[in-house]
Amino acid sequence: MGGESKNKKGNTMAEEKRSFEMSRWSLDDLYPSGSSKEMERAIEDLKKKVEKFEAYRAELTDNVAFDKFLVVIKDLEEITKLMQRIGGYAELWFTEDTQDQAAQTLVARMEQLSADLSNRILFFNLWWKALDDDSAEKLMKDSGDYRYWLEEMRHFKPYTLSEPEEKVINIKDVTGSRALNMLYDAYTNRYMFKLEVDGKEKEMTRGELMSYVRRPDADLRARAYQALYRVYGNDGPILGQMYQTLTRDWRNELIGLRGYPTPISARNLANDIPDEVVDTLLDVSQKNAGLFQRFFKLKARLLKMDKLRRYDIYAPVTSSSKEFAFGSAVELVLDSFEQFEPRFAQLAHKVISEKHVDSEVRKGKQSGAFCATITPELTPWVLTNYQGHSDDVATLAHELGHAIHSLLASDHSIFTQHACLPLAETASTFGEMMLVDRLLEEESDQSVRRDLLFRQVDDSYATIMRQAFFALFEKQAHEMTNNGASVDELSAAYFENLKTQFGDSLEIGEEFKWEWVSIPHIYHTPFYVYAYAFGQLLVLSLYSQFKQEGDAFKPRYINILSSGGSKAPVQILKEAGVDVYQAAFWQGGFDVVDGLIAQLENLA
Ligand SMILES: [Zn+2]
């Protein structure tokens, strides 16, 4: 394109600069409000669609015609989209302000409604799973984009119960495990933490508090962690009990009723990752614990400490506390995407310009960050709690990376758009790495360069080793709870897990035994966390391929992303030349980290 489009783009960027301000997002693309007539109409429409769908029950036989089958699937797709849209609105509204009672009420109402409606359409899923292999294959043969979704449902055939039993589980989950999770969120999200900063006691959210563990002041870092676990530890016995109840529910249902061999294998099947691949990943991770211990020892030297404390693992190695205004952070992220592939920058820009980003810090707002994809037609929504540190810029790149992934896969149906968990972090982590590369390119100051390299290894630690050890703890905690262990015994086991992870590289304060009750993932989505380690090691390895191959690599990478969840992850990766069964593949990811640490050791 000529200069004209460049100028036009220049103007657009200048105009956008003013709108690159921290803000609350707009949910108008979903509904004008939770109490609007549009919302009520959508709910009525959903009920009608489900009623119509129920009439298909009699027509679904072993020899249903393919055309009829396709009509049924398309109607199911419409129902799923509408349910996602209404439920998505409720949940996004709730994260905006978890203390808003109207939002809480709508979430609860939608949970109830979607459980009721899901029960009424459940017969399709059950019929499909019960169908004999030949009839199923005949129908799947020409099902195009729906194929993998249909195949995947049948994976659950051996673990599926009768229709009345499935209904009972759905109904009881609303007031059981799901209610308990919501209670955990509502309870812990209202925690406020007290920390003395510059001689003044401040009250803050967890997101704000945790920004202090990345500050140069060692005492402040320690006090921030102590403030965190004082609050979680006080409620530890209750939060721990909630966790134990959820793990018992998990075991009773998945092993007791459905017959999965182990607690983690239910997650592995949902991810469509063979058990032995996950075992290999966790095994190789455990063997590489020494790698990060070496890193922490190096960090101690640079911080002029004899030994690092657990409080110091995210300490900055230089005293620079460079801050990024939100507007320039957005530009940096867009620029780094642009350098890789202009389409990536355009897609990220779309999310921002459509006001789908909630960036500001507010009391009651959900802490952390996420990207939510509602339906393939809708641009995803991104939530962050932006505070101006380089870490926040990376988080922005991360979540926008998720959005790009969804948008690249938006040609797929709602059933096949989402990448399964282990591939779900590919674009996000790759996005972060592009940003860091961009920052490294610009930076000539050696100490800032070192800071950036440190940050990259810090992140690899947090994403790989920390998560792998969480998963190892979860495996242990599920077993221990089954064998009647108390909350205190779980805390003691968690403390041992930390000692194995850090070896002699760190001094660990006793309060860290309560860390596990502060990790929402292990409550909401048991064994989710290994997906982070999977994703990061995968990306490290893909990124080093990109460095070696340059442009030739891009189509293979874009293929991985645009495949979304339309094929088995092992298959998608195999097509990109990756064999996840091999321990050597995972070791390759760790070798990249080893290289980064060696670079740092030379700088030190
Ligand atoms: Zn992510």
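Me: Why are helix 15 and helix 19 called roughly perpendicular to each other?

Reply: This is a predicted model. In it, the axes of helix 15 (residues 326-340) and helix 19 cross at roughly 100 degrees. Angles of 65 to 115 degrees count as roughly perpendicular. Helix 15 and helix 19 are therefore roughly perpendicular to each other. Their axes come within 9 Å.

Me: Which residues of helix 15 and helix 19 meet?

Reply: From helix 15 come Leu332, Val333, Asp335, Ser336, Phe337, Gln339 and Phe340. From helix 19 come Phe430, Gly431, Met434, Leu435, Arg438, Leu439, Glu441 and Glu442. By class, the contact has 8 nonpolar, 3 polar and 4 charged residues.

Me: Which residues meet between helix 17 and helix 19?

Reply: Helix 17 brings Val393, Ala394, Ala397, His398, Gly401, His402 and His405. Helix 19 brings Ala427, Ser428, Thr429, Gly431, Glu432 and Leu435. By class, that contact has 5 nonpolar, 7 polar and 1 charged residues.

Me: How many aromatic pairs does the structure hold, and why is the pair of Trp250 and Phe527 called tilted?

Reply: The structure holds 55 aromatic pairs. In the pair of Trp250 and Phe527, the ring centres are 6.5 Å apart and the planes are at 50 degrees. Stacked needs planes under 30 degrees apart, and edge-to-face needs over 60.

Me: What makes the pair of Trp250 and Phe527 tie together parts that are apart in sequence?

Reply: Trp250 lies in helix 11 (residues 236-257). Phe527 is in the loop between helix 22 (520-524) and helix 23 (530-549). The two parts are 277 residues apart in sequence, so the pair ties them together across that separation. Trp250 and Phe527 are both buried.

Me: How do you know that Phe430 and Tyr557 are stacked?

Reply: Their planes are 25 degrees apart, and the rings lie 4.1 Å centre to centre. Stacked means planes under 30 degrees apart. The pair links distant parts of the chain: Phe430 is in helix 19 and Tyr557 in helix 24 (residues 554-562), 127 residues apart.

Me: Why do Phe430 and Tyr557 count as buried?

Reply: Buried means under 20% relative accessible area. Phe430 is at 0%, so Phe430 counts as buried. Tyr557 is also at 0%, so Tyr557 counts as buried.

Me: Which residues form one aromatic cluster?

Reply: The members are Phe53, Tyr56, Phe69, Phe123, Phe124, Trp127, Trp128, Tyr146, Trp149 and Phe415.

Me: What is the phi of Phe527, and is Phe527 buried or exposed?

Reply: Phe527 has a positive phi of about 70 degrees, although it is not a glycine. Most residues other than glycine have a negative phi. The relative accessible area of Phe527 is 0%, so Phe527 is buried.

Me: Why does Asp198 count as exposed?

Reply: Exposed means over 50% relative accessible area. Asp198 is at 78%, so Asp198 counts as exposed. Asp198 sits in the loop between strand 1 (193-197) and strand 2 (200-204). Its phi is near 50 degrees, a positive value in a residue other than glycine.

Me: Why is Glu137 called partly exposed?

Reply: Glu137 has a relative accessible area of 34%. Buried needs under 20%, and exposed needs over 50%. The value lies in between, so Glu137 is partly exposed. Glu137 is in helix 5 (residues 133-140).

Me: How do you know that Lys299 is buried, and what is in contact with Lys299?

Reply: Lys299, in helix 14 (residues 289-302), is at 0% relative accessibility, so Lys299 counts as buried. Leaving aside neighbours within four places in sequence, Lys299 is in contact with Leu308, Asp312, Ile313, Tyr314, Ala315, Val317, Phe454 and Asp458.

Terms used
Residues are numbered from 1 along each chain as its sequence is written. This is a predicted model: local features need pLDDT of at least 70, side-chain atom pairs count only at pLDDT 80 or more; totals for chains, interfaces and linings use all residues. Side-chain values use heavy atoms; hydrogens and water are left out. Contact means heavy atoms within 4.5 Å. Helices (H or I, at least four residues) and strands (E, at least two) are DSSP runs, numbered from the N terminus. Ala, Val, Leu, Ile, Met, Phe, Trp, Tyr, Cys and Pro count as nonpolar, Asp, Glu, Lys and Arg as charged, and the others, Gly among them, as polar. Rings of Phe, Tyr and Trp (its six-membered ring) pair if their centres lie within 6.5 Å; planes under 30 degrees apart count as stacked, over 60 as edge-to-face and the rest as tilted. Buried means under 20% relative accessible area, exposed over 50%, partly exposed in between (1.4 Å probe, protein chains only). Axes are lines fitted to C-alpha atoms, for helices over the stretch in contact, and angles run from 0 to 180 degrees between N-to-C directions. Angles under 35 degrees count as roughly parallel, over 145 as roughly antiparallel, 65 to 115 as roughly perpendicular and the rest as oblique.
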